[in-house]
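Me: I am new to this structure. Could you walk me through how to read it?

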Amino acid sequence: MFIGHYAPALAARALPQGPALATGFIAVQLIDVGFFTLSWLGIEKWRPNLALEGFTPIDLYFMPYTHSLLGTSAWALAAALLYALFAPSGKRIAGSLIIFALVVSHWVLDLLVHRHDLGLLGDAEPKLGFGLWDWPMIEAPLEI
């Protein structure tokens, strides 16, 4: 659900206290930016797995710092605090709350498409995901 992640940023831009569109785009993709950075550093892990069906034959087997609900919430809090430091005074509180929601929206939307690889509290069970990646005929129209 790569394209779908941008929808909340577009909606937030329409709000009176919403962030700039570029800021919203960064917020909704912050979790993936963190994931790819941490995986490049060898901290979070993924591997190709051609046995997996659907759009993404990728096994995302260790990503507790970015794609667990706890990890996502920590990234969201950091992004909201950073936004509050630089936002105009009239947008600090509302804008920070919107940024927090935009970052967390990534996890919520990932819940729809990921297989059971999204933790709640780090890497521990249970891991969640509705697995729409395995059903391209449903996921593709939803994405669009």
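Reply: Let us start with one residue. This is a predicted model. Leu15 sits in the loop between α1 and α2.

Me: Is Leu15 buried, exposed or partly exposed?
Reply: Look at the relative accessible area. Under 20% is buried, over 50% is exposed, and partly exposed is in between. Leu15 has 42% relative accessibility, so Leu15 counts as partly exposed.

Me: Now a helix residue. Where is Leu97, and is Leu97 buried or exposed?
Reply: Leu97 belongs to helix α4. Its relative accessibility is 59%, so Leu97 counts as exposed.

Me: Let us step back. How many helices and strands does the protein have?
Reply: Count the elements, then read their order. The protein has 5 helices and 4 strands. Along the sequence the pattern is α-α-β-β-α-α-β-β-α. The radius of gyration is 16 Å, close to the 15 Å that the globule rule gives for 144 residues, so the protein is as compact as a globular protein of that length.

Me: What does the C-alpha trace span along its principal axes?
Reply: About 50 × 35 × 25 Å.

Me: How much of the protein is buried?
Reply: Of the 144 residues, 42% count as buried. The accessible surface comes to about 8100 Å², and carbon and sulfur atoms hold 76% of that.

Me: Which residues touch the most other members of the largest nonpolar core?
Reply: The largest core has 15 residues, and Ala27, Ala79, Ile99, Leu102 and Val103 touch the most other members. Four helices each supply at least two residues of this core: α1 (6–13), α2 (21–40), α3 (69–86) and α4 (92–113). Helix α4 gives the most, with 5 residues.

Me: What does Leu102 touch?
Reply: Set aside residues up to four places away in sequence. Leu102 then touches Pro8, Ala9, Ala12, Pro19, Gly24, Ala27 and Val28. There is also a second, separate core of 9 residues, including Leu60, Met63, Trp107 and Trp133.

Me: How much of the contact total comes from residues 24 or more positions apart?
Reply: Take the contacts with a separation of 6 or more. Residues 24 or more positions apart account for 53% of them.

Me: How far apart are the mean positions of the positive and negative charges?
Reply: Average the places of each kind, then compare. The protein has 7 positive and 11 negative charges, and their mean positions are 13 Å apart.

Me: One last feature. Which peptide bond is cis?
Reply: Check the omega angle. The bond from Glu125 to Pro126 is cis, with omega near 5°. Pro126 lies in the loop between β3 (118–119) and β4 (127–128).

Definitions and conventions. Residues are numbered from 1 along each chain as its sequence is written. This is a predicted model: local features need pLDDT of at least 70, side-chain atom pairs count only at pLDDT 80 or more; totals for chains, interfaces and linings use all residues. Side-chain values use heavy atoms; hydrogens and water are left out. The radius of gyration is taken over C-alpha atoms; the globule rule is 2.2 Å times the number of residues to the power 0.38. Buried means under 20% relative accessible area, exposed over 50%, partly exposed in between (1.4 Å probe, protein chains only). Contact means heavy atoms within 4.5 Å. Accessible areas come from the Shrake-Rupley method with a 1.4 Å probe; for residues, only the protein chains shown count as cover. Lys and Arg count as positive and Asp and Glu as negative; His and the chain ends are not counted. The place of a charge is taken as NZ of Lys, CZ of Arg, CG of Asp or CD of Glu. A nonpolar core is a set of buried Ala, Val, Leu, Ile, Met, Phe, Trp, Tyr and Cys residues joined through side-chain atoms within 4.5 Å.
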